[in-house]
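This report walks through one protein chain.

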Amino acid sequence: MTTLMMILGIVVFVIGLLFSIAWHELGHLSTAKLFGIRVPQYMVGFGPTIFSRKKGETEYGIKAIPLGGYIRMIGMFPPGPDGKLEARSTSPWRGMIEDARSAAFEELKPGDETRLFYTRKPWKRVIVMFAGPFMNLILAVAIFLGVLMTFGWNEQTTTVSKVSDCVIAQTANRTTCEKGDKPAPAKAAGLQAGDKIVAFDGTAVNDWGTLQTKIRETIGPATITVERDGVRKDLKADLIKNQVTKTDDDGAYVEGSYVYAGFLGFTPASGIVQQSFGDSVHRMGDMMQNGVKSLIALPSKVPDLWNAAFGDGERKQDSPMGVVGAARVGGEVFTLDIPPENQIAMMLFLVAGFNLSLFLFNMLPLLPLDGGHIAGALWESVRRGFARLLKRPDPGPFDVAKLMPVAYVVAGIFVCFTILVLIADVVNPVRIS
């Protein structure tokens with residue numbers, strides 16, 4: 001049964017992956033057609049074609065390897081010195097093997113001279129190239145907000161999970177009480193596991209962040225109002241100063257940093273809490289910020305990935321994952337002993353996170369990524385703007401093809417990194433519990 005659920009989880013993730021890729025390419029396709037650019041192909045996947053059908057001037061199809069997709073647009077680059085026009089693929093992988101100017105020259109048809117990508121104004125080209133990643137961003141935001149506002153988010157609550165017996169400093173490196181330790185204020189006040197704290201000194205508290213702040217700001221007597229077996233009770237506690245883990249502006253613990261603050265002495269229970277629209281947007285912003293930080297930190301992850309793949313190093317929970325690793329996690333989600341709605345929510349979060357990563361990654365201003373073409377169009381716009389301002393001749397389209405040697409290097413680095421992640425995903429995968 002576990003194996004069957006594992007396979008089902010992988011299949012569900014792959015379907016979500018294929019939809020995300022198709023959704024991405026649909027952004028490129030729809031805007032390209034909107035601006036009159038001829039698009040001969042729209043493909044999901046790479047390798048041998050499993051299915052394809054031509055509708056109008058575009059061939060739509062699915063290929064065997066679900067690791068990406070592409071649309072083929074005519075005239076991605078301006079003419080070379082020989083005056084030839086060429087078609088190009090938006091796929092970074094196909095872009096590695098296609099010659100920048102001549103591979104698709106034969107695809108040009110009479111009348112294409114007015115339907116070339118490079119002849120469109122820079123702002124139109126920016127829209128076409130940005131539309132793909134933007135579709136992934138839309139999907140990520142829709143899923144994240146939908147799940148947060150309907151299902152909820154696993155977070156610490158105001159319900160008591162465990163009451164400490166004594167006061168122990170965070171740096172004491174022990175969890176058991178010793179002779180001479182003071183009783184925990186929560187224990188002395190009669191707080192019990194299962195109590196839900198609803199007010200602190202007469203002020204209602206609905207979330208752990210607010211309660212934690214009030215506890216840390218208080219040293220001395222305080223009234224703790226709890227709900228126990230449906231009945232509210234006021235408990236008198238005498239909070240003391242103790243060494244506790246520092247928190248950042250968002251309430252997250254800062255590992256290795258400590259402060260002295262008010263101490264009550266209990267562990268909050270975790271649970272699924274439905275989020276408001278404002279809280280959901282705030283959490284979405286945090287995810288976006290963490291995604292940017294993770295992208296910037298990718299080069300620093302290489303040594304740990306190498307040790308995890310070829311040595312005896314630990315595969316950290318924040319380690320980069322590829323499609324294989326993510327699919328494996330998707331399979332493990334369906335094997336967890338948790339309610340089905342939790343499994344669905346986790347799978348949706350996984351697909352949403354994948355789409356957010358696609359957006360951020362593709363926005364890097366490097367060829368052969370979408371961001372590289374966007375940067376080229378923006379540079380052309382700036383260059384032509386300065387020429388008009390200085391009353392100089394129009395410099396013409398910026399020849400992005402000149403950057404292809406750099407694109408090959410970038411693509412080579414991406415391929416090497418992808419292979420390293422793939423090996424680590426196979427021999428030492430990230431696991432969930």
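This is a predicted model: local features need pLDDT of at least 70, side-chain atom pairs count only at pLDDT 80 or more; totals for chains, interfaces and linings use all residues.

Residues are numbered from 1 along each chain as its sequence is written, and side-chain values use heavy atoms, with hydrogens and water left out.

## Salt bridges

The structure holds 10 salt bridges. The term means a side-chain nitrogen of Lys or Arg within 4 Å of a carboxyl oxygen of Asp or Glu. Helices and strands are DSSP runs, numbered from the N terminus (helices H or I, at least four residues; strands E, at least two).

| Pair | Distance | Location |
|---|---|---|
| E380 and R384 | 3.1 Å | both in helix α10 (residues 370-389) |

E155 counts as buried because its relative accessibility is 18%. R283 has a relative accessible area of 22%, so it is partly exposed.

E380 bridges to R384. These two are four residues apart in α10, about one turn of the helix. Both E380 and R384 are buried. They also belong to a salt-bridge network that links R125, E380, R384 and D394.

## Helix packing

Axes are lines fitted to C-alpha atoms, for helices over the stretch in contact, and angles run from 0 to 180 degrees between N-to-C directions. A crossing is left-handed if the near helix is turned anticlockwise from the far one by less than a right angle, and right-handed if clockwise. Contact means heavy atoms within 4.5 Å. Ala, Val, Leu, Ile, Met, Phe, Trp, Tyr, Cys and Pro count as nonpolar, Asp, Glu, Lys and Arg as charged, and the others, Gly among them, as polar.

Helix α1 (residues 2-34) packs on helix α9 (residues 340-362) at an angle of about 35 degrees, with axes 10 Å apart. The crossing is right-handed. On the α1 side, the contact residues include G9, F13, L17 and H24; on the α9 side they include M347, F354 and N362. This contact has seven nonpolar, six polar and no charged residues.

The axes of α1 and helix α3 (residues 122-150) are 7 Å apart, at an angle of about 145 degrees. This crossing, too, is right-handed. Among the α1 residues in contact are F19, W23, H28 and A32; α3 contributes residues including I127, M129, P133 and L139. The residues divide into 11 nonpolar, seven polar and no charged.

## Annotated segments

An unreviewed UniProt entry carries the annotation "transmembrane region" for residues 6-23, 126-153, 344-364 and 406-427. UniProt positions are given in the numbering used here, feature names are shortened, and annotations may be inferred rather than shown by experiment. In the model, residues 344-364 are 90% helix and 0% strand, with end C-alpha atoms 31 Å apart. Residues 406-427 are 100% helix and 0% strand, and their end C-alpha atoms are 32 Å apart.

What does I10 contact, leaving aside neighbours within four places in sequence? The partners are A327, G330 and G331. I10 lies in helix α1. It counts as partly exposed, at 30% relative accessibility.

R174 lies in the loop between β4 and α4 (185-189). Its relative accessible area is 27%, so R174 is partly exposed. Neighbours within four places aside, R174 is in contact with I168 and D181.

V302 belongs to helix α7. With a relative accessible area of 30%, V302 is partly exposed. V302 touches F417 and L420, not counting residues up to four places away in sequence. V302 and S319 are 17 residues apart in sequence and 9.3 Å apart in space, C-alpha to C-alpha.

Note on methods: Buried means under 20% relative accessible area, exposed over 50%, partly exposed in between (1.4 Å probe, protein chains only).
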